[in-house]
Amino acid sequence: MLRALAVDDERPSLEELLYLLNADPRVGSAEGAGDATEALRRINRALESGPDGPDAIDVVFLDIQMPGLDGLDLARLLTGFARPPLVVFVTAHEDFAVQAFDLKAVDYVLKPVRKERLAEAVRRAAAQRHAARHEAAPPGPAPRIPVHEPDPDHIAVELGGVTRFVAVDDITHVEAQGDYARLHTDRGSHLVRIPLSTLEERWRSRGFVRIHRRHLVALRHIGELRLDAGTVSVLIGSEELQVSRRHARELRDLLMRRTTG
């Protein structure tokens, strides 16, 4: 019997999906989450519980387009766990199928969800979970996503189950996404399970400053400070970020001191 978690930010879609899952005899339990951040908290409990624990989850039925962390972001994070739950994408969009299967998704179900089509996804998940349980696996629960970096000059990020170390000096800005932060560099971005407030405190001495409740920027990577009809923004590379009023004066002062030495 599968233990399922359904994730969708649209309440009617979530309730319909849960109804169909609970009606399938191969599903022992199904619960819902309204966004990816809530789902990650639930999955962390499941992994700590272990594959046979009371909070275990076998498969996640996952929407793709959601505010904050989207479904693809969540699936990428799950690849960093030793024994993650299976993933079935349930979405109204056809365009992400290639990315979904690159992330080892069990199935890709299009909305509106038909009972027969969802039943096939459940069958595939049940068969894959059955096969996995008969393979040798290391004992104990899978670890949480690492959140500590090895030294103050680098931060550890997980990508496809591989830990990489990103130089702090290469980070242009950081974006808050729930309990997570997205680190932006010239070569791409990485998601880490660290609150923006923690990074703000940790990197203040390295020239990072808060400009908005959602953004932390590296002063050395600011190309322009723009004033337009009372609004303030900064240009980092080709990206323009809004500066909130409460942070505008501090930012201008810091940039002036930095410029004048």
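**Notes on a predicted model**

1. Let's start with His215: its relative accessibility is 13%, so it counts as buried (buried is under 20% relative accessible area, exposed over 50%, partly exposed in between, using a 1.4 Å probe and protein chains only). His215 sits in strand S12 (strands are DSSP runs of E with at least two residues, helices runs of H or I with at least four, both numbered from the N terminus). Beyond its neighbours within four places in sequence, His215 is in contact with Val174, Glu175, Leu196, Val209, Arg210 and Leu241 (contact means heavy atoms within 4.5 Å).

2. A word on the ground rules. This is a predicted model, where local features need pLDDT of at least 70 and side-chain atom pairs count only at pLDDT 80 or more, while totals for chains, interfaces and linings use all residues. Residues are numbered from 1 along each chain as its sequence is written, and side-chain values use heavy atoms, with hydrogens and water left out.

3. Now the sheet around S12. It is open, with five antiparallel strands in the order S10-S9-S8-S12-S11 (strands pair if DSSP finds at least two bridges between them). The edges are S10 (188-192) and S11 (208-212); each has a single partner strand, so one side of each has no neighbour in the sheet. From one strand to the next, the twist averages 25° (axes are lines fitted to C-alpha atoms, for helices over the stretch in contact, and angles run from 0 to 180 degrees between N-to-C directions).

4. Zoom in on S8 (residues 171-177) and S12 (residues 215-218): they pair in the antiparallel sense over three bridges. His173 has Val217 in S12 as its bridge partner. Helix H6 (residues 196-203) packs on this sheet, touching S8, S9 (180-185), S11 and S12, and its direction makes about 150° with that of S8.

5. How many aromatic pairs are there? The count is three (rings of Phe, Tyr and Trp, taking the six-membered ring of Trp, pair if their centres lie within 6.5 Å; planes under 30 degrees apart are stacked, over 60 edge-to-face, the rest tilted). Phe89 and Tyr108 have ring centres 6.4 Å apart and planes at 50°, so that pair is tilted. Phe89 belongs to strand S4 (residues 86-91) and Tyr108 to strand S5 (residues 107-110), so the pair ties together parts 19 residues apart in sequence. Both Phe89 and Tyr108 are buried. Another tilted pair is Trp203 with Phe208, at 5.0 Å centre to centre and 40° between the planes.

6. Salt bridges next: the whole structure has 23 (a side-chain nitrogen of Lys or Arg within 4 Å of a carboxyl oxygen of Asp or Glu). One of them joins Arg3 and Asp58, with the closest N and O atoms 2.9 Å apart. Arg3 is in strand S1 (residues 2-7) and Asp58 in the loop between H2 (36-49) and S3 (59-62), so this pair ties together parts 55 residues apart in sequence. Asp58 has 4% relative accessibility and so counts as buried.

7. Most residues other than glycine have a negative phi, and most peptide bonds are trans. Yet Lys104, which is not glycine, has a positive phi near 65°. Its place is the loop between helix H4 (97-102) and S5, and at 67% relative accessibility Lys104 counts as exposed. Also, the peptide bond from Lys111 to Pro112 is cis, with omega near -5°; Pro112 lies in the loop between S5 and helix H5 (115-133).
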